[in-house]
Amino acid sequence: MSAARFQALGKAVRAEWPLDDAYLTVNHGAFGATPKLVLAAQAAWRDRMEAQPSVFMRSILPQALRASAEALAAFLGAEGDDVVFVDNATTGCNAVLRSLALQPGDEILLHGQAYGAVANTARYVAEQAGARIVTAALDFPDPDFAGFASRFAACIGPRTRLAIIDHITSPSALLLPVAEIAASCRAAGVPLLVDGAHGPGQTEIDLQALDADYYVGNCHKWLAAPKGCAFLWTRRDRQAGLHPTTVSHGFGGGYLSEFDWTGTRDATAQLAIQSALSFHERLGGAGLRRRNIALAQEAGALLAAELGTTFGNAGHAVAMAMVRLPLEGVPLTKAYATSLRGRLLDEFQTDAPLHAHPSGIWLRVSAHAYNELDDYAQLAGHCRRLVETI
Ligand SMILES: Cc1ncc(COP(=O)(O)O)c(C=O)c1O
């Protein structure tokens, strides 16, 4: 695989992924897609593990995991000792939320587009302690988006024990003003967890500069690492008292020893991070991220024009575009959106998620290296034909 081969992206690199050509894949944001080369690097680690399981677990894995954390930290503008691997963003957010020592009447601050699984975890820990959830309003589309950071800050109160903000929202693909919100939380002395499930590889990240308290990110999405590769970054002064959801031998031994061993498991997805990072760089690194964002902007404009509707997150520097389907009088429910998504998959061999908002049913399309504008022109045709049947 030469660097020159990657000067052209889209169809020119699609064969690097084991994606099924019978399907139109414009949904990278959901679960990512891992290139063959990175899967091969993971398989090589697995072969090493299975050749001498006990030697691998005791003598190779601890150092290899730390070397992987160092490489990832360099990409994130962080230090390796502040980065631990977790299986996915949900697990990382659970560790932070379930380490809170909440008292009755305490509050956890969320926003109106928080990811369902993370909001559920917050609700679970709040219910256990008699604490409550406070939600800063965030609609989609939001005519007052510019005021969101101040609206969020206004919800911080004397009982707020943790604030949670997404870097990029899941159901609406909005790039939230994390730096402004981190500054408000710091000023109020309230710890901030940034749910960056969609951050690494999609947008720019400099964790030292951001100076939040916790940042959770998925590498399997936009960095195209294997599934099971995610991380938790924790500011030094917050590391004591933070525990993984699975307590094991390292309990009481500090942040790294608690998180680096949570029982016997297959860590090869995490050990393949260096391969994923170098693949990302060979595709262009920052140039690839800018290209994906620009492609999503073009895709959003094209789809909105073809469908005669609106591009709901236009201008947000993300590699996902939200476009409303031209449907009136349909149920604006998750179940209905899921049924249409199933029809797109079954009848049009198209993987594109649909989200129900009070303003309509919205498509969320992703743009990664293997996509090109023609994918969205095809998608527009499929959506038009789908809508004609309704
Ligand atoms: C904002 C956000 N948070 C958390 C998650 C959960 O990620 P995972 O399923 O990898 O735990 C997602 C998944 O899409 C997400 O978009």
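The shell around the ligand divides into three nonpolar, six polar and three charged residues. Here Ala, Val, Leu, Ile, Met, Phe, Trp, Tyr, Cys and Pro count as nonpolar, Asp, Glu, Lys and Arg as charged, and the others, Gly among them, as polar. The model is predicted: local features need pLDDT of at least 70, side-chain atom pairs count only at pLDDT 80 or more, and totals for chains, interfaces and linings use all residues. Residues are numbered from 1 along each chain as its sequence is written, and side-chain values use heavy atoms, without hydrogens and water.

**Ligand site**

Asn 88, Ala 89, Thr 90, Tyr 115, Asp 166, Ser 170, Asp 195, Ala 197, His 198, Asn 218, His 220 and Lys 221 surround the ligand. Each has a heavy atom within 4 Å of the molecule.

| Residue | Protein atom | Distance to a ligand oxygen |
|---|---|---|
| Asn 88 | polar side-chain atom | 3.5 Å |
| Ala 89 | backbone N or O atom | 3.3 Å |
| Lys 221 | side-chain N or O atom | 2.6 Å |

On its own, the ligand has 400 Å² of accessible area, and the protein covers 89% of that. The areas come from the Shrake-Rupley method with a 1.4 Å probe.

**Fold**

The protein has 15 helices and 12 strands. These are DSSP runs: helices (H or I) of at least four residues, strands (E) of at least two. The radius of gyration, taken over C-alpha atoms, is 21 Å, close to the 21 Å that the globule rule gives for 390 residues, so the protein is as compact as a globular protein of that length. That rule is 2.2 Å times the number of residues to the power 0.38. The C-alpha trace spans about 60 × 55 × 35 Å along its principal axes.

**Backbone**

Most residues other than glycine have a negative phi, and most peptide bonds are trans. Phe 140 and Pro 141 are joined by a cis peptide bond, with omega about -15 degrees. Pro 141 lies in the loop between strand E4 (132-136) and helix H7 (148-154). Ala 173 has a positive phi, near 50 degrees. Its loop runs between strand E5 (160-166) and helix H8 (178-188).

Key: A polar contact is a pair of N or O atoms within 3.5 Å; within protein, one must be able to donate a hydrogen and the other to accept it, and residues adjacent in sequence count only if both atoms are side-chain atoms.
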